[in-house]
Amino acid sequence: MIDELESKGNKVVALNLAGINNPISKNAATATDASDQAIGTAIQEIQGNYGKIGSVMHLHPHFEFQKPHFTQHFDAERAIVKSLFFIAKHVQHDLNELGESNRASFIACTRMDGKLGQDKRGNTSVVGGGITGLIKCLNLEWSPVFCRIIDIQPELPTQECVTQLMAEYKDANVSIVEVAYSNEGRKTTDAIPAKLVEHQNISTKVTKDSVFLVSGGAKGVTATCVVEMAKTFQCKFILLGRSAIDFEIPAFAVNENDEGVLKRLIMNDMKAKGEKPSLPRVKSIYKNISAKKEIDETISSIQAHGAEVVYIKGDVTKLNSFKVELDKATQRLGKVTGVMHGAGRLADKYIQDKTDSDFDNVLSVKLDGMLSLFGAVDIHHLAHLILFSSVAGFYGNVGQTDYAIANEILSKAAHLFKTNHPNTQVSAINWGAWDSGMVSGELKAQFEAAGISLVNSEGGAAMLVNELNVDYSTQPQVIIGGTLPAAVSHLGALRTHRIHRKLTLENNPFLNHHKIQNNAVLPVVNAVGWMAQSCEKLYPDYSVFKIEKTALFKGIIFDGNQKEDYILELKELEKGEEKIVFETSVLSEGGKLPMNHYRATVTLLNKKSYPKAPKFTHQVSGTYQPTNGETLYKDGSLFHDTHFQGIKEILDCTEKQIVLSCEAPQVPLSEQGQFPVYSINTFFADIQYQGMLVWVQKNFGGANSLPLQTDSAILYREMPFGKKLFVNVTATEVDETKLVANCTVYDEHGDVYVETKGATVTISRQLQW
């Protein structure tokens with residue numbers, strides 16, 4: 001990797017982490033351990049000897065364990081993850097400063113399985129999987145810095161891994177943070193919404209004799225879920241918590257819950273006993289009283305629903321602190337059949353303010369807590385394993401780098417456990433933010449302002465019960481609740497971006513559906529979509545709103561003589577909080593001067609500023625008998641093959657207009673190649689130009705047409721595959737050589753999706769398909 005970077009003109013310095021074999025000696029520094037101080041010292045050494053740091057690339061080892069010792073490499077891997085955590089802390093200033101004017105990057109490469117821990121190998125250590133959470137959080141905290149995590153299949157040849165890692169390092173798409181790469185190709189993660197029906201019966205393996213060991217289960221969100229389970233199943237619970245409840249609540253506190261009033265009563269009680277009140281002591285007594293009240297209420301609620309419950313005190317991270325009491329509880333209730341790990345700890349701060357204790361404490365509750373629970377039960381005979389993870393890991397969240405690491409490890413562990421224990425129903429629940437629990441009132445207000453929906457207590461608990469449905473037994477990871485705030489684009493000064501792409505017919509199967517005279521031709525709409533969507537990928541919280549001055553100079557025809565290397569140039573003309581304007585072009589080099597192929601001006605709008613779509617109602621002449629549009633593709637009128645065959649019916653055709661009923665066929669992502677649909681469905685966009693072509697054929701017998709230019713197109717809504725939409729083409733200028741028209745795409749309610757002005761096509765009687 002170092003050789004590849006240096007061959008591209010990069011100045012490379014290696015940071016040897018503590019304990020690695022065969023450390024690099026040339027242009028290198030070494031960290032003595034994984035602590036904040038040791039990593040900080042090593043980074044300072046690099047900065048002092050070589051200058052400011054412009055990019056970081058972490059290469060994580062592949063760890064396999066010998067079954068059943070799945071914790072075999074946990075200590076070593078935890079130290080590496082912690083080292084990377086503090087590397088991020090100490091390069092924060094350099095990277096963000098550079099990112100104001102140039103490209104600065106923080107890249108991490110793990111080698112779990114090339115599928116982000118979901119390959120069902122059964123022997124891959126999962127601690128490194130937490131790095132995905134770190135990178136996603138840094139992407140949110142560091143808007144000027146390009147952040148990317150890639151998991152590469154460890155068996156792939158070294159050079160292939162290096163090539164792919166370099167491609168990720170140079171990728172222009174900042175909207176993608178997490179990538180998997182294996183012998184099946186490159187993939188990104190996605191969360192697929194699931195539709196649920198209320199009040200439906202579920203099939204479950206939970207019975208009245210089921211015994212759940214629950215960490216964090218006596219208070220907060222976990223307690224809410226346990227009470228709902230008790231209400232539904234009347235099963236048995238062993239609740240594990242750190243709070244002591246073996247004392248009587250003072251009489252003055254029994255009926256008082258207001259924090260301020262209760263603290264004053266505690267102070268008065270201390271004075272009455274001759275004690276001098278101190279703020280720490282008052283807080284401690286208040287905390288103990290409040291905890292006991294909540295725990296007592298949880299226990300009473302569970303019992304009121306006919307379920308049995310035992311509370312045991314202990315530290316979930318230390319098995320010895322609760323094992324004896326657990327054994328007593330199982331003698332009373334029976335063998336543990338399910339584990340619910342709901343304990344958690346927060347230390348919310350920006351990465352530059354994190355400490356050793358922050359990292360250790362937050363990670364320990366999730367990771368060591370999980371290991372303690374596994375050590376306390378017979379994991380080979382568990383019916384259920386429920387791990388409380390978080391969307392802070394799946395999406396990332398500002399200030400929660402350590403918490404995201406811990407939760408991503410739990411999610412990866414769920415996949416591993418399910419692989420090795422297929423008869424256990426496993427569910428790592430990536431909870432969205434609740435309207436209670438660890439979400440403060442201030443944070444709740446921030447979420448609501450950002451449009452983030454919170455999980456309400458009743459609904460969240462019901463959703464957990466629903467996860468115990470055996471229909472979900474093959475789904476070890478689920479998101480319940482809303483997302484978290486997305487990344488905010490860094491604007492900075494105006495820039496020009498040059499993106500290189502090697503185009504081949506083999507990599508773009510859809511082109512075989514767009515042939516003219518037996519040669520595949522890149523549709524103008526796909527080229528424009530490439531330009532526009534590339535702008536969007538540079539600023540993920542903006543969307544393409546307007547495309548203007550679209551022009552075709554030299555089309556790309558795959559006739560065997562075409563060039564393979566093309567440059568997409570995106571020149572920023574205007575940039576602000578509301579909109580960003582680009583002048584975009586596709587060109588190729590090789591001659592004396594670059595050859596221009598396509599050009600357009602693209603305007604992005606901040607997603608918060610997007611206007612409401614206007615209405616449109618078509619009027620038909622009444623003189624045209626609607627005809628089947630699908631015959632156009634069979635009788636030779638249109639050359640388009642399956643992927644572009646969207647005209648279903650011609651509703652009207654006169655000297656002034658043509659009205660079409662259309663539906664873009666679903667094009668498999670694998671067929672879309674290097675021009676995948678994101679916000680712009682280019683396959684549907686092609687249909688309106690097909691409509692112009694049909695109008696030309698019907699009004700200029702024997703003539704055909706090809707797109708030439710477009711004045712403007714405004715995009716109000718995304719045009720989905722498989723949805724019936726209408727296209728109205730109204731002629732505004734016609735002569736023997738060209739047609740200029742306005743095109744509108746709208747639905748049955750009249751809501752406009754795209755409004756195109758000044759679309760121009762050539763008219764030619766010599767053009768043959």
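I began with E408, which I found in helix α12. I note at the outset that I am working from a predicted model.

Is E408 buried or exposed? I read a relative accessible area of 2% for E408, and because buried means under 20%, E408 counts as buried.

I then looked up what E408 touches, leaving aside its neighbours within four places in sequence, and listed contacts with G129, G130, T132, G133, K136, E178, S389, G393 and F394.

Next I followed helix α12 itself, which spans residues 401–420 and lies across β11 (338–341), β12 (384–390), β13 and β14. Against β12, I noted that helix α12 runs at about 155°. Helix α14 (residues 457–467) also packs on the sheet, where I found it touching β11, β12, β13 and β14, and its direction makes about 155° with that of β13.

In what order do the strands of the open sheet come? I wrote down seven strands with parallel pairing, in the order β10-β9-β8-β11-β12-β13-β14. The edge strands are β10 (308–313) and β14 (477–480), each of which pairs on one side only. From one strand to the next, I recorded a twist that averages 20°.

For N430, I noted that the bridge partner in β14 is I479.

Key. Residues numbered from 1 in each chain as written. Predicted model: local features only at pLDDT ≥ 70, side-chain atom pairs only at ≥ 80, totals over all residues. Heavy atoms only, no water. Pairing = 2+ DSSP bridges. Helix = DSSP H or I, 4+ residues; strand = E, 2+ residues; numbered from the N terminus. Axes fitted to C-alpha atoms, helices over the stretch in contact; angles between N-to-C directions. Contact = heavy atoms within 4.5 Å. Buried < 20%, exposed > 50% of the residue type's maximum accessible area, 1.4 Å probe, protein only.
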